[in-house]
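Keep the 3D view open as you read.

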Amino acid sequence: MAQRSADISRKTRETDISVSVHVDGSGKSDIATGVGFFDHMLDQLSRHSLIDMSVKAKGDLHIDDHHTVEDTGIALGQALAKALAERRGIMRYASIDLAMDETLTRAAIDVSGRPFLVWNVSFSSPKIGTFDTELVREFFQALAQNAGITLHVTNHYGANNHHIAETCFKAVARVLRAALEPDPRQPNAVPSTKGSLKG
């Protein structure tokens, strides 16, 4: 399997973002978006997926965090899509129920080339500290759309909003890790009867 790494830069009037990923890494991260809670979540995404990630973002935080979070999801998704190329030799599918204290969240993924997000997660508060909880969905929507993945996330239960958000990131990290693992039985094949995972 070829080295699965990519760099993406994305600059608009609202944000200036650079992302690098190494899919076959060890979970090392270098994250600086200016949004503290989001940095913490991206650290979790890297650590539990074992995807090395560098994310540097400068955004219009004087307005709010929305553009920075969404555009980071776009850039990270584009970097993953570029690194995976034809998606040869991957396991493709994975799912997990991930527990954290009182919270249980399920994530399921198909690295299909077809972007889709099913989001069954609710928060009891609009904020976690200063972070808008609605931005958790915005990030995963942007990630799925630009990475070309089908992603389902369901929070079964939980009382603490920080835990609910964190289990979403950790669960998605774990299914990414499992779905992107090399398949030893078909190391050079595209895992599709179509012969393509381009959507």
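Which residue of β6 does L98 stand opposite? L98 faces T105 there. Before going further, some ground rules: this is a predicted model, in which local features need pLDDT of at least 70, side-chain atom pairs count only at pLDDT 80 or more, and totals for chains, interfaces and linings use all residues. Residues are numbered from 1 along each chain as its sequence is written, and side-chain values use heavy atoms, with hydrogens and water left out.

Helices (H or I, at least four residues) and strands (E, at least two) are DSSP runs, numbered from the N terminus. Two strands pair if DSSP finds at least two bridges between them.

Let's begin with the sheet that contains β1. Its four strands follow the order β1-β2-β4-β3, and this open sheet has mixed pairing. At the edges stand β1 (5–11) and β3 (29–32); each has a single partner strand, so one side of each is left without a neighbour in the sheet. On average, neighbouring strands here are turned by 5° against each other, direction ignored. For angles such as this one, axes are lines fitted to C-alpha atoms, for helices over the stretch in contact, and the angles run from 0 to 180 degrees between N-to-C directions. Strand β3 pairs with β4 (residues 52–59) in the parallel sense, over four bridges. Within this pair, A32 stands opposite K56 of β4.

Helix α2 (residues 66–84) packs on this sheet, where it touches β1, β2 (15–22) and β4. Contact here means heavy atoms within 4.5 Å. The direction of α2 makes about 35° with that of β2.

Next, look at how α2 meets helix α1 (residues 36–49). Their axes come within 12 Å and cross at roughly 20°. The two helices are therefore roughly parallel to each other (angles under 35 degrees count as roughly parallel, over 145 as roughly antiparallel, 65 to 115 as roughly perpendicular and the rest as oblique). From α1, the residues F38, L42 and L45 make the contact, and α2 brings T68, V69, T72 and L76. Five of the contact residues are nonpolar, two are polar and none is charged. In this scheme Ala, Val, Leu, Ile, Met, Phe, Trp, Tyr, Cys and Pro count as nonpolar, Asp, Glu, Lys and Arg as charged, and the others, Gly among them, as polar.

Charged side chains have their own story. A search of the whole structure finds nine salt bridges, each a side-chain nitrogen of Lys or Arg within 4 Å of a carboxyl oxygen of Asp or Glu. One of them joins R10 and D71 at 3.1 Å, N to O. This pair links distant parts of the chain, with R10 in strand β1 and D71 in helix α2, 61 residues apart.

Now back to the strands we started with. Strands β5 (residues 93–100) and β6 (residues 103–110) pair in the antiparallel sense over eight bridges. Two residues lie between the strands of this hairpin, and D101 takes a positive phi near 50°. The open sheet here has four strands in the order β5-β6-β10-β7, with mixed pairing. Its edge strands, β5 and β7 (116–120), each pair on one side only. From one strand to the next, the twist averages 10°.
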